[in-house]
Amino acid sequence: MKYPLSWRLLDGLEAAAAVLWPARLRRLTAWGLLAPALVLVGVLVIGLGYMLEYSLHELDLATYRLTEAYSLTNYQTILDRPVYARVLGRTLLGAVLVTAIAVALAFPYAYALVRTRSAALRKALLVALFLPFFIGQVVRAYGWLIVLGREGLVNSALAGMGLPTVDLLFTYPAVIFGLVQYMLPFAILLLVPALAAIPEDMELASESLGARWISTFRHVVIPMAKPGLIGASVVVFTLTLTDFAMPEILGGGTSDFIASAIYDSFFQISNPGLGAALSMVLVTLGSLIVAGVFLVAGTGTLGVRGAK
Amino acid sequence: MRGSLGKRLVIWGLVWVSLVTLSLPTLIVIGASFTAGEIIRFPPEGFSLRWYGELWQLDSFRAALARTFQVSLICTAVSLPVGTLAAIATVRYRIRFRNAVQVYLLLPFTIPLVVSGLSMMILFGEIRILGQLWPVGVALCIINLPFMIWSVAASVNAIDPEIENAAMNCGAPPLQTFLTVTLPAVMPGVITGGLLMFILAFNEFLVSLFLTDSRTVTLPVQIYNSIRSVITPDLAAVSVLYIAIALIAVVLLDRLVGLEIFLRSK
């Protein structure tokens with residue numbers, strides 16, 4: 001009897017697999033599948049090890065190299081210089097503002113996306129959401145430069161109405177605005193699954209019991225969407241906390257975030273030890289805040305389900 | 001959407017604010033790229049394709065574009081098998097230290113990009129591979145790997161484990177079960193993840209900024225460097241290229257898996 005070629009090929013592969021990965025290794029299959037990913041992430045972990053090591057060495061100003069001896073001088077420097085406290089405060093405030101505005105705007109968008117009856121409208125909302133999501137930060141920041149610039153769209157419109165022009169670019173609000181625009185798709189995409197899980201009957205029940213729509217939102221929809229709100233807030237907050245491009249491009253040096261301070265330590269003042277210490281502070285701060293939120297409010301939609 | 005007029009006014013009003021915020025930079029960039037003038041101003045001076053022509057004449061642009069494609073392809077090619085296998089392993093198999101493994105695999109997402117980029121810059125410098133192009137592709141794969149794993153894991157979660165048992169019951173050996181049952185079932189996740197990895201790598205700028213030099217600079221880094229000097233309309237033409245690629249990706253995603261897949265509840 002003649003078998004098709006594809007069968008024989010598959011049998012060959014199967015035999016090869018049985019030799020390479022015999023049945024007694026079956027218990028380790030999961031680790032075999034995970035191995036490449038573990039190795040790749042390992043590259044990052046080794047790099048972080050170097051970073052930690054760098055942060056424990058002071059810069060020798062005579063040779064401009066890191067000294068051999070271990071010390072906590074770099075961390076002391078961060079505490080001593082008020083400029084780092086200011087940058088940290090600006091970054092945290094920015095992250096809080098961007099999270100609040102982005103989630104507040106994302107909520108109605110996600111709600112409309114889930115509840116609209118019109119398939120065409122839903123598609124349009126989805127495309128308007130994914131198109132900017134697939135365009136990188138630099139290109140989007142460039143768009144805002146054209147909109148907010150001295151001869152940009154807003155100022156031209158103001159001049160056209162006979163009003164004085166304003167300096168919008170290179171200000172803190174410009175950075176916040178750019179970041180909100182960047183984070184909005186993330187927030188919407190993380191809110192949608194939580195809102196989709198709320199049966200519309202729930203809202204109907206609330207309204208048939210006499211609740212106005214605002215009360216229904218406050219007491220039914222928002223509490224039920226909590227996992228999504230947590231997920232969206234955590235992701236937007238951490239991404240904003242560590243952002244580099246928007247504060248650099250739209251802030252123009254006036255509103256540096258921590259990432260800019262790290263960059264400057266490495267490339268402007270050539271003190272990798274200090275930059276590494278700032279990096280460790282940023283990693284620790286971000287992790288602590290996320291862990292705190294998870295402890296208080298649960299992991300929301302970010303929790304990963306696994307085999308039971 | 002049902003409900004009172006007031007509710008619809010408030011919701012759709014806020015949706016419009018979001019729509020304008022999301023779309024304005026894109027639309028403005030497209031408009032600005034067709035100007036005939038030397039600088040970008042409003043209203044634009046005339047209509048022309050001259051900036052697209054000048055862009056195409058620029059060797060540095062063409063080289064950077066080719067490098068960006070190369071880096072994105074390396075990133076996608078590495079992450080497809082690695083991410084797919086890891087996602088299947090974490091969802092389908094009982095593994096010891098599951099939580100630790102998951103936290104570890106999420107590290108690229110939880111570690112700030114600026115820190116990841118500098119860490120790998122230091123490491124690649126130590127092992128003397130800094131200045132080559134392939135490590136950039138691998139680095140972009142590492143930092144975006146959680147997105148690949150997420151996409152596939154969502155698909156793995158959605159399939160019924162009984163169909164794999166059924167295949168084995170019918171006598172299919174493990175590899176055949178994997179190739180003919182498991183893999184086709186998780187394909188939507190693999191496609192979404194692959195597209196996402198390509199797009200993220202094609203747009204990635206911060207990690208690339210640390211890992212490239214003037215000979216290996218990729219397009220997003222080059223745009224960033226140009227933005228900081230003078231804003232000329234040729235940058236708008238480059239940006240339109242990015243918008244076009246994003247549009248292609250959205251259409252592909254819609255055709256292959258459907259954008260509505262993201263509206264599933266969890």
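Predicted model: local features only at pLDDT ≥ 70, side-chain atom pairs only at ≥ 80, totals over all residues.
Residues are numbered from 1 along each chain as its sequence is written, chains are lettered from A and ligands numbered from 1 in the order written, and side-chain values use heavy atoms, with hydrogens and water left out.

Okay, the cavity. By cavity I mean a set of points, on a 1 Å grid over the protein atoms alone, where a 1.4 Å probe fits but cannot get out; lining residues have an atom within 4 Å of a point.

Who lines it? From chain A we have A:I135, A:V139 and A:R140, and from chain B there are B:P25, B:T26, B:V29 and B:I243. Helix 6 (137–148) of chain A and helix 1 of chain B are the elements giving two or more residues, and helix 1 of chain B gives the most, with 3. Helices here are DSSP runs of H or I, at least four residues, and strands are E runs of at least two, numbered from the N terminus.

Now, the interface. Chain B puts 102 residues into the contact and chain A puts in 98, where contact means heavy atoms within 4.5 Å. Together the chains bury about 9,300 Å², 79% of it on carbon and sulfur atoms; that's accessible area (1.4 Å probe) lost on putting the two parts together, summed over both.

For charges, the rule finds 3 salt bridges across this interface, meaning a side-chain nitrogen of Lys or Arg within 4 Å of a carboxyl oxygen of Asp or Glu. One of them pairs B:E260 with A:K123, with the closest N and O atoms 3.2 Å apart. On the chain B side, helix 1 (residues 5–33) supplies the largest share, 18 residues.

Over all chains there are 9 salt bridges. Inside chain A, A:E203 meets A:R115 at 2.7 Å, N to O. That pair links distant parts of the chain, helix 9 (residues 200–208) and helix 4 (residues 82–115), with the two residues 88 apart.

Last, chain B overall: 12 helices and 0 strands. Its C-alpha atoms fill a box of roughly 70 × 65 × 30 Å along the principal axes.

Notes. 1 Å grid on protein atoms, 1.4 Å probe; cavity = no way out; pocket = protein on both sides within 12 Å on 5 of 7 lines; lining within 4 Å.
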